[in-house]
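Me: I have a new structure open and would like to go through it with you. Can we start with the terms and then look around?

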Amino acid sequence: MTTTPPYVPPEAPPRPPPAADGLVSAARRNLREIAHGLAHPSHPPVPPLANASKRWRRLLPYIAVLVLAAIFVPVTLNVLTNEYGMAEGLAGLLAVAQTAPLLMLAHRPLQAWWIIFPADIVGALVLLQYPEPLMAIWPWPPPTLIAYLFVMLAVALRETRRTVISVWALTAVASLVLHLGGTDRSNGTAGLLPAFGAVFMVIGAVIRERGDAQRRLAEQETISEAERAQRTLLEERTRIARELHDVVAHHMSVITVQADSAPYRISGLPEQAHEEFAAIAASARESLTEMRRLLTLLRSDGTEGERAPQPGLDRVQQLVEATVRAGLPAELSLSARLPDVPQAVDVSAYRIVQEALANVIRHAPGARTRVSVTSDGAHLTVLVVNDRAQQPDSPLEASGTGHGLVGMRERVRLTGGTLDTGPLPDGGFRVAARLPLTPDAPAPEDS
């Protein structure tokens, strides 16, 4: 009678230490990323220079790949048949597989590499079946090697650094394996492709990274310019809000004084009228208090409000005289019979002339400038026109940002008017603003 020994479960293999687990998982993750990078292009199928402004520049990539294919297809066929003695039919198939995908380099270089790389390996294996010709290069014939270098350059120009290194590594591994498998045919030329390929890929990667850096710099400059324009806009709006406070505060103060003094100036008012005037005065005071609180938020920390009255058209002549003393020949034409101008329009007109003259001093030093302020009864027209700069080689600012015009537009928008600015045919510049003088004035037409 035999007895069955008890079952003893096999010992589990020892688990690798946590550090080894981390290394294995990191290696697997890197392999997955490399495989994903080789299988998925990092860019859309858009050729280089696709956003160029001129048509001939957009066509350059297509012309380049057409020229490459037109050169390498017949050259490869001729070398395989005449130098290596390959049958014409087989040589034609290999030549097309190894060089025709060059047409894809403009928009899909990685896909072209997936076709050309296996075709070159198959071509090298096929050449082993033929006798070795005199002075033959194996495993990469000269036209195959040169065409493959263009492929590597195109891949380096469009793909990420990880993908570029992976392509070069696979090429080097294939060259090494073919060299070890055919040492009797390889005369040391198997290392030419990895060596030259590394140079081409470094050149392509440097060009691509430089282009990326330039694009990022251009994007950052665009963002900075937009931020500067937005900051200028906010500063101008804050300044307008402060000036509006002075304008509105004056009228609200007048209302308060009139409401407080009405019972003393007008005799025989009933008690109900006394209460109504008191309510009007209280509401006006409350409005002034709320407006001052709002203005406190708009002021920078530590700044005080302006004590002097806001400037208006009565100070335009002083502004022009100060500009003349600064070296800018300027003339003023101010209508002697201007109608009553609302205070907001008065301040806006002064600020528009001030900014326009400042722009002339900055961008067109020495240019003769004419300032005109007229009215047709319903609108106030402010016109500032300057000639070509008399000192074109020494402007204080070579190129304008247009931020000064932002403030002008905000002021014109505040009053419901229109603004027309732009260069003149003779090289000068024109600023024209039409501001309504009454709320029911018809909207001025854009010129």
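Reply: Terms first: a residue is called buried under 20% relative accessible area, exposed over 50%, and partly exposed in between. Keep in mind that this is a predicted model.

Me: Then is R162 buried, exposed or partly exposed?
Reply: R162 has 39% relative accessibility, so it counts as partly exposed.

Me: What does its side chain meet in a salt bridge?
Reply: The side chain of R162 meets that of E33, at 3.1 Å from N to O. R162 lies in helix 6 (residues 161–181) and E33 in helix 1 (residues 18–39), so the pair ties together parts that are 129 residues apart in sequence. E33 is partly exposed, because its relative accessible area is 34%.

Me: How many salt bridges are there?
Reply: The count comes to 12 salt bridges. One of them joins D376 and R434, whose closest N and O atoms are 3.2 Å apart.

Me: Where are those two?
Reply: D376 is in the loop between strand 2 (369–375) and strand 3 (379–386), and R434 is in strand 5 (residues 429–436), so this pair ties together parts that are 58 residues apart in sequence. D376 counts as exposed at 52% relative accessibility, while R434 counts as partly exposed at 27%.

Me: And what does E410 pair with?
Reply: E410 forms a salt bridge with R413, and the closest N and O atoms are 2.9 Å apart. Both residues are in helix 11 (residues 403–415), and because they are three residues apart there, about one helical turn separates them.

Me: Which of that pair is buried and which is exposed?
Reply: E410 is buried, at 10% relative accessibility. R413 is exposed, with a relative accessible area of 56%.

Me: New topic. How much space is in the largest pocket?
Reply: The largest pocket holds about 990 Å³ of space.

Me: What lines it?
Reply: The lining of the largest pocket has 28 residues, and P47, P48, L49, L157 and R158 are the ones nearest the centre. By class, 18 residues of this lining are nonpolar, five are polar and five are charged.

Me: Which helices supply that lining?
Reply: Helix 2, helix 5 (142–158) and helix 7 (192–265) each supply at least two residues to the lining of the largest pocket. Helix 7 gives the most, with seven residues.

Me: L49 came up there. Which surface patch is L49 part of?
Reply: L49 belongs to a nonpolar patch on the surface, together with W56, L59, L60, Y62, I63, V67, I71 and V75. The accessible area of these residues together is about 770 Å².

Me: Pick I71. Where is it?
Reply: I71 is in helix 2 (residues 55–83). I71 counts as partly exposed because its relative accessibility is 44%.

Me: What lines the second largest cavity?
Reply: The lining consists of L80, M86, L94, Q98, D120, G123, A124, L127, P139, P141 and T144. By class, seven of the lining residues are nonpolar, three are polar and one is charged.

Me: And which helix gives the most to it?
Reply: Helix 4 gives the most to the lining of the second largest cavity, with four residues. Helix 3 (88–99) and helix 4 (109–127) each supply at least two.

Me: P139 is in that lining. Is the peptide bond from W138 to P139 cis or trans?
Reply: The bond from W138 to P139 is cis, with omega near 10°. Most peptide bonds are trans. P139 is in the loop between helix 4 and helix 5.

Me: How far is G182 from P139?
Reply: G182 and P139 are 8.7 Å apart in space, C-alpha to C-alpha, and 43 residues apart in sequence. G182 is in the loop between helix 6 and helix 7.

Me: Is G182 buried or exposed?
Reply: G182 is buried, because its relative accessible area is 1%.

Terms used. Residues numbered from 1 in each chain as written. Predicted model: local features only at pLDDT ≥ 70, side-chain atom pairs only at ≥ 80, totals over all residues. Heavy atoms only, no water. Patch = residues over 30% accessible without salt bridge, like charges linked within 9 Å, V, L, I, M, F, W, Y side chains within 5 Å. Areas by Shrake-Rupley, 256 points an atom, 1.4 Å probe, with all protein chains shown as cover. Salt bridge = Lys/Arg side-chain N within 4 Å of Asp/Glu carboxyl O. Buried < 20%, exposed > 50% of the residue type's maximum accessible area, 1.4 Å probe, protein only. 1 Å grid on protein atoms, 1.4 Å probe; cavity = no way out; pocket = protein on both sides within 12 Å on 5 of 7 lines; lining within 4 Å. Points joined across faces, edges and corners; volume = space filled by probe spheres on them. Nonpolar A, V, L, I, M, F, W, Y, C, P; charged D, E, K, R; others polar.
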